[in-house]
Amino acid sequence: MSAQLIDGKRVSEEVLASVRAGVEQLQAEGRRVPGLAVIQVGEDPASKVYVGNKRRACERTGFHSVAHDLAADTTQEALLALIDELNADPSIDGILVQLPLPGHIDSKAVIERIHPDKDVDGFHPYNVGRLAQRIPRLRPCTPYGVMRLLQSAGVDPKGMEAVVVGASNIVGRPMALELLMAGCTVTVCHSKTRDLQDKLSRADIVVAAVGRPEMIKGEWLKQGVIVIDVGINRLE
C-alpha cells in the first residue's frame, strides 16, 4: 500500500481564506480588525524566518500587524515594559514573543507577563492549565495545527495509540494533551526514553517534534501508521 500524503499547504490555505473572510466581515460591519504584535529580540536566523511568515500571514488575512524588532542586548526590564504596553493597548488582541530569547532574558517570566487573553501562542501557564483540564481557550499553535491536519484527513483518533517524540513545552507536552483530549492513548518519548523503536512499533499515530533528521526509521513503523513531522531540520 503506497503512502498517502496529508496536504498541509492545502489546509493552511483553507484556514487563511476562512480568517480573511472573517476579517472582511468585520470591515463590512465597520468594526475594528484584529491586531497582532510580534516581538523579536536579536537576529536568530530561524526566528527571522518564523517572524516573516507570521507577518506575511497577517498581510494576507487583513490583520493589523505591529512589528517590534529589538536589539539582542535589550534588557529584560525593557522587554517586560513593552509587553505591559501591549497588554494595555486596546488595538492589540494578540502578542507573540518569538522564542528563543537571548540567554540573559528569562523566557518564563516573559511568557507569564503576557496577559492570558492575548497569549496567542498558548504558552501562558493559565492557557496550558486550561488545556490540561480539557477546557482550552488559546492553544499552542503547532499541536492544534496537527489536530487540524488529522481532521482534514478524516482521521478519528479515538482509541488510537499515539506516540509523541519530543517533550518540549512548545510542542511535545501540549501535543500529548491535545491527543489525550481527542481520546488517544498517548506515550511521550524523549531523550531518556529506552527502546524508542518498541514504543513506535505499536503506534497508530506518530508526531515527531525533534530537530534530529532521520531519528525515526521507516522500518520501525507498522503499516498504515499516520506520521506527522513538525521538526525542522537542515540537511546538507
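## The pairing of β4 and β5

In this predicted model, strand β4 (residues 161-165) pairs with strand β5 (residues 185-189) in the parallel sense over five bridges, where two strands count as paired if DSSP finds at least two bridges between them. Helices (H or I, at least four residues) and strands (E, at least two) are DSSP runs, numbered from the N terminus. Within this pair, V163 stands opposite T187 in β5.

Residues are numbered from 1 along each chain as its sequence is written, and side-chain values use heavy atoms, with hydrogens and water left out. Local features need pLDDT of at least 70 and side-chain atom pairs count only at pLDDT 80 or more, while totals for chains, interfaces and linings use all residues.

An open sheet is formed by three strands in the order β2-β1-β3, with parallel pairing. Its edge strands, each pairing on one side only, are β2 (64-70) and β3 (94-97). Strand β1 (residues 35-41) pairs with β3 in the parallel sense over four bridges, and V38 stands opposite L96 in β3.

Helix α2 (residues 45-61) lies across β1, β2 and β3 and runs at about 165° to β1, whereas helix α3 (residues 76-88), which also packs on the sheet and touches β1, β2 and β3, has a direction that makes about 175° with that of β1. Angles run from 0 to 180 degrees between N-to-C directions, and axes are lines fitted to C-alpha atoms, for helices over the stretch in contact; contact itself means heavy atoms within 4.5 Å.

## Where α1 meets α6

The axes of helix α1 (residues 8-28) and helix α6 (residues 141-152) come within 10 Å and cross at roughly 105°, which makes α1 roughly perpendicular to α6, a description used for angles of 65 to 115 degrees. In this contact G8, R10, V11 and V15 in α1 meet R148, L149 and S152 in α6.

## The domain assignment

The domain assignment of the chain, which is automatic or comes from a database, gives domain 1 (35-121) and domain 2 (141-229). The C-alpha centres of domain 1 and domain 2 lie 29 Å apart.

Technical notes:
Angles under 35 degrees count as roughly parallel, over 145 as roughly antiparallel, 65 to 115 as roughly perpendicular and the rest as oblique.
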